[in-house]
Amino acid sequence: MRAYRENESISLDDIIDECKTFYFVGQETTSMMLSWTSFLLALNPEWQEKIRLEILQLFRDRKRLTSEDFSAIAKLRKMTMVINESMRLYPPVLAIFRTVAQDCKVGNVLLPKGMQIQISTLVLHHNRNIWGEDAQLFLPERFAGNISGGDAFFPFGVGPRICVGQGLAMLEAKLALAMILQRYSFTRVQRL
Ligand code: HEM
């Protein structure tokens, strides 16, 4: 996609590119996040039970959730912890790419103009110096207080290009999980 220049209106190609971005990132990412979260809930039935209880306490036996429930969905704290931990372990976007716009220095590292940089979400989300020796384990309680890991947790990116769809993605995922967990359980298929 071309860089934005002042006084230049958006072209048809730009609009087509934006539509492609919305189409791709709006589907694949959220479905991946939901798949990994379901998998982790199947492996961790105690957390599955905790968030089912949270859903039942909030919505009782109302199985059909509507837009009226959106603000209540934000209150599903344990579910947010589980989704965050799922995205920490299995970030739907594995890395963020940037092209250096002008020569600059970050710490002691010189970055020449034109250089391609890859910032790996996956690597930083698993860094033991940041997350501790248990960095590989599924421990949603890490997210009980403020998001731990500081800048090292960025499933939706950071800065001016941060995901514009993050609120929608979280809402979609919570809504789907709330409706599924009211009716069904995730279990591991036992091999015969
Ligand atoms: C779990 C779900 C999602 C994840 C993990 C995710 C992750 C990301 C990340 C990491 C970026 C930043 C890329 C960069 O800095 O280069 C991004 C950008 C973007 N995301 Fe998402 N995303 C998700 C869902 C969505 C949804 C549902 C939509 C819209 C329907 C969406 C629309 C966008 C758009 C348009 C951008 C580009 C923003 C820009 O460049 O200014 N994303 N997303």
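Analyst: A helix is a DSSP run of H or I with at least four residues, a strand is a run of E with at least two, and both are numbered from the N terminus. The model discussed here is predicted. By that count, the protein has 7 helices and 4 strands.

User: Why is Glu85 called buried?

Analyst: Buried means under 20% relative accessible area. Glu85 has 0% relative accessibility, so Glu85 counts as buried. The residue lies in helix 4, which covers residues 77–89.

User: What makes the pair Arg88 and Glu85 a salt bridge?

Analyst: The term requires a side-chain nitrogen of Lys or Arg within 4 Å of a carboxyl oxygen of Asp or Glu. For Arg88 and Glu85 the N to O distance is 2.8 Å, so the pair meets the cut-off of 4 Å. Both Arg88 and Glu85 are buried.

User: How many residues apart are Arg88 and Glu85 in helix 4?

Analyst: They are 3 residues apart, which means that about one helical turn separates them.

User: How do you know that Arg142 also forms a salt bridge with Glu85?

Analyst: Their side chains meet at 2.9 Å, N to O, and the cut-off is 4 Å, so the pair qualifies. Arg142 lies in the loop between helix 6 and helix 7, while Glu85 is in helix 4, so the pair ties together parts that are 57 residues apart in sequence.

User: Why is the link between Glu85 and Arg142 called a polar contact as well?

Analyst: A polar contact needs a pair of N or O atoms within 3.5 Å, with one able to donate a hydrogen and the other able to accept it. The side chains of Glu85 and Arg142 make such a contact at 2.9 Å.

User: Is Arg142 buried or exposed?

Analyst: Its relative accessible area is 13%. Since buried means under 20%, Arg142 is buried.

User: Which residues belong to the network of salt bridges that includes Glu85?

Analyst: The network links Glu85, Arg88, Asp134 and Arg142. Asp134 is in the loop between helix 6 (128–131) and helix 7. A search of the whole structure finds 5 salt bridges.

User: What makes Asp134 partly exposed?

Analyst: Buried stops under 20%, exposed begins over 50%, and partly exposed is in between. Asp134 has 30% relative accessibility, so Asp134 counts as partly exposed. From Asp134 to Asp17 the C-alpha distance is 40 Å, and the two are 117 residues apart in sequence.

User: Why is the pair Glu133 and Arg128 called a salt bridge?

Analyst: Their closest N and O atoms are 3.6 Å apart. The cut-off is 4 Å, so the pair qualifies. Glu133 counts as exposed because its relative accessibility is 64%, and exposed means over 50%. Arg128, with a relative accessible area of 42%, is partly exposed.

User: How do you know that Gln102 is exposed?

Analyst: Gln102 has 58% relative accessibility. Exposed means over 50%, so this value passes. Gln102 is in the loop between strand 1 and strand 2 (104–106).

User: Which element gives the most to the shell around the ligand?

Analyst: Helix 1 does, with 7 residues. Helix 1, strand 1 (95–99) and helix 7 (166–183) each supply at least two. The shell has 12 nonpolar, 6 polar and 2 charged residues.

User: Which of the 20 residues around the ligand come nearest?

Analyst: They are Val25, Thr29, Arg98, Arg161 and Cys163. A side-chain N or O atom of Arg98 is 2.7 Å from an oxygen atom of the ligand. For a polar side-chain atom of Arg161, the distance to a ligand oxygen is 2.9 Å. The distance cut-off for a polar contact is 3.5 Å, so both values are within it.

Conventions
Residues are numbered from 1 along each chain as its sequence is written. This is a predicted model: local features need pLDDT of at least 70, side-chain atom pairs count only at pLDDT 80 or more; totals for chains, interfaces and linings use all residues. Side-chain values use heavy atoms; hydrogens and water are left out. A residue is near a molecule or strand if one of its heavy atoms lies within 4 Å of it. Ala, Val, Leu, Ile, Met, Phe, Trp, Tyr, Cys and Pro count as nonpolar, Asp, Glu, Lys and Arg as charged, and the others, Gly among them, as polar. Buried means under 20% relative accessible area, exposed over 50%, partly exposed in between (1.4 Å probe, protein chains only).
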